[in-house]
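Here is a walk through a two-chain model, starting where the chains meet and ending with a few residues picked out from the rest. Have the structure open as you read.

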There are 2 protein chains.
Amino acid sequence: MAGTDHRRFDAGDNGGGGPAIILVDPQLGENIGMAARAMLNCGLTDLRLVRPRDGWPNARAVATASGADVVLDAARSFETTEDAIADLTLVFAATTRDRDMIKRSYSPEQAAQAFLREDHSGVIFGGEAWGLHNDDIALAEHVITVPLNPGFSSLNLSQAVLLIGYEWYKAGRDAPPPELRMTGTRPASKKELVAMFEHLESALDDSGFMHIREKRSIMARNLRNMLQRAELTEKEVRTLRGVIASLAAHKPDE
Amino acid sequence: MAGTDHRRFDAGDNGGGGPAIILVDPQLGENIGMAARAMLNCGLTDLRLVRPRDGWPNARAVATASGADVVLDAARSFETTEDAIADLTLVFAATTRDRDMIKRSYSPEQAAQAFLREDHSGVIFGGEAWGLHNDDIALAEHVITVPLNPGFSSLNLSQAVLLIGYEWYKAGRDAPPPELRMTGTRPASKKELVAMFEHLESALDDSGFMHIREKRSIMARNLRNMLQRAELTEKEVRTLRGVIASLAAHKPDE
């Protein structure tokens, strides 16, 4: 996670900080809190609420935000969707249902690219009960549709926020290849590996495991293959050599 | 959404149906239900629970699953993580924290590619309170780490399930990569691997390698970690057991 772009985590500044999240007619404080948590997970901090049913602030939102207070504290409440998005220049409406409106439909991934290009963007989400009104959708340039199981595509509000935030967070970063985490050690050199293989093979010669001569080289090759797939560290090679030595030296009970 | 691959939505069949989701020590039924909903959003149906705190089935889970009954009805409860993953051949541990264990760390996107190649895969998630125990992580081949705001990376349980399911769902919509097939063998099951680990650990108890009591569990965990990174086949597990038996039985020259 080194080299993170800190520009993105400046609270309260939507310029370059990713899309604002606008919740229209949200009902449950729990969902607002979980949405705030999901936002901060993705480095988003600009939360705007339109007519929250139970008023604002809301203690239940604090409970489920699990510490994402920076988002809740900066959240603003508005009377209309128009007011909430007044300063934005690119707005998407999150919707799973097909509407009788001609809009370009973006995936969260495609929308993320647009957020990177546009400093004052936002996404509007409908409430738990009805989703977005057509009038709200009509305020948006485009819609975002999440690719999901068509037989069961209704997302919890905070889950929808998370997926859009997640794609934004990922965008622009190339995923590094799977990284082998190691602390206090380094990958084993070939020299160390081969010495370990020879140690093992010699112990197996002694124990009689390699006694079928014409199979010895195949057997040794198989063992080398499987152990090399593990991409062992230097420390692990030493551990395995300890294991081999211990097993080989032990005199079993008669 | 036309042309969806319906193969994926056969409930209760993990073959080709994406990863099993294994929740270890889950506490709140609400979170189990939301995880089930997130799973079905992504076409996943194989839910396994290890020691759910409030028992199983759980009425609160039904309430928050919002209709994902097919997942809850087929969910199975287990006493141990080993039992829950016994039939799987590729297991990831979902973790946000760095552990002092050498594992390859995948993004959800990279893990999704692995799920497409491997029919009997799974992801284990820790409970709300403590996350996964190191012993559970040691049962996994690899870890999944979600790229998130490093200053606030703790995900709600169902959110973590969603992100991993979402990437799996997305991955299958592109042409899947050519299937990797091995001739004359198959990936080892967890049951076979754990039996091999126990064989090795017992031989090392006898030989005195594990004699420092307080280090025994760390040593065993390290050995499990390194051998699992090799993604062994069933045949290779048999070979290694032959190696262990041969070394342990051999009486060295005095």
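## Where the chains meet

Between chain B and chain A there are six salt bridges, a salt bridge being a side-chain nitrogen of Lys or Arg within 4 Å of a carboxyl oxygen of Asp or Glu. Before going further, some ground rules: this is a predicted model, where local features need pLDDT of at least 70, side-chain atom pairs count only at pLDDT 80 or more, and totals for chains, interfaces and linings use all residues. Residues are numbered from 1 along each chain as its sequence is written, chains are lettered from A and ligands numbered from 1 in the order in which they are written, and side-chain values use heavy atoms, with hydrogens and water left out.

Now the rest of the interface. On the B side, 76 residues are in contact with 72 residues of chain A, contact meaning heavy atoms within 4.5 Å. The size of an interface is often given as the accessible area lost when the parts come together. Here the area buried between chain B and chain A is about 6,500 Å², and carbon and sulfur atoms give 61% of that (accessible area with a 1.4 Å probe that two parts lose on being put together, summed over both). In chain B, the residues that lose the most area to chain A are R104(B), F152(B) and L247(B), together 11% of what that side buries.

Polar contacts turn up too: 26 residue pairs across the interface of chain B and chain A, both residues at pLDDT 80 or more. The rule asks for a pair of N or O atoms within 3.5 Å; within protein, one must be able to donate a hydrogen and the other to accept it, and residues adjacent in sequence count only if both atoms are side-chain atoms.

Which element gives the most to the side of chain B that touches chain A? That is α10(B), with nine residues. Helices (H or I, at least four residues) and strands (E, at least two) are DSSP runs, numbered from the N terminus. The residues on that side of chain B divide into 39 nonpolar, 20 polar and 17 charged; Ala, Val, Leu, Ile, Met, Phe, Trp, Tyr, Cys and Pro count as nonpolar, Asp, Glu, Lys and Arg as charged, and the others, Gly among them, as polar.

## Salt bridges up close

Over all chains the count comes to 30 salt bridges. Four of them are set out here.

| Pair | N to O distance |
|---|---|
| K170(B) and E167(A) | 2.5 Å |
| R104(B) and E231(A) | 2.3 Å |
| R60(A) and E30(A) | 2.7 Å |
| R76(A) and D46(A) | 3.4 Å |

K170(B) and E167(A) also belong to a salt-bridge network, along with E109(A), K170(A), E109(B) and E167(B).

R104(B) is in strand β5 of chain B and E231(A) in the loop between α9 (213-229) and α10 (234-249) of chain A, so their bridge joins two chains. R104(B) is buried at 16% relative accessible area, while E231(A) is partly exposed at 41%. The cut-offs are under 20% for buried, over 50% for exposed and in between for partly exposed (1.4 Å probe, protein chains only).

Inside chain A, R60(A) in helix α2 (residues 59-65) and E30(A) in helix α1 (residues 29-41) tie together parts 30 residues apart in sequence. R60(A) is exposed at 52%, and E30(A) is partly exposed at 25%. As for the other pair, R76(A) is partly exposed at 39%, whereas D46(A) is buried at 8%.

## Chain A, and a few residues

Chain A comes to 10 helices and eight strands, and 50% of its 254 residues count as buried.

V123(A) sits in strand β6 (residues 121-125) and is buried, with a relative accessible area of 0%. Leaving aside neighbours within four places in sequence, V123(A) is in contact with residues including I22(A), F92(A), F115(A) and I164(A).

A160(A), in helix α7 (residues 157-170), is buried at 12% relative accessibility. Not counting residues up to four places away in sequence, A160(A) touches F125(A) and L155(A).

Over in chain B, S105(B) lies in strand β5 and is buried at 11%. The S105(B) side chain makes a polar contact of 3.1 Å with the side chain of T145(B).
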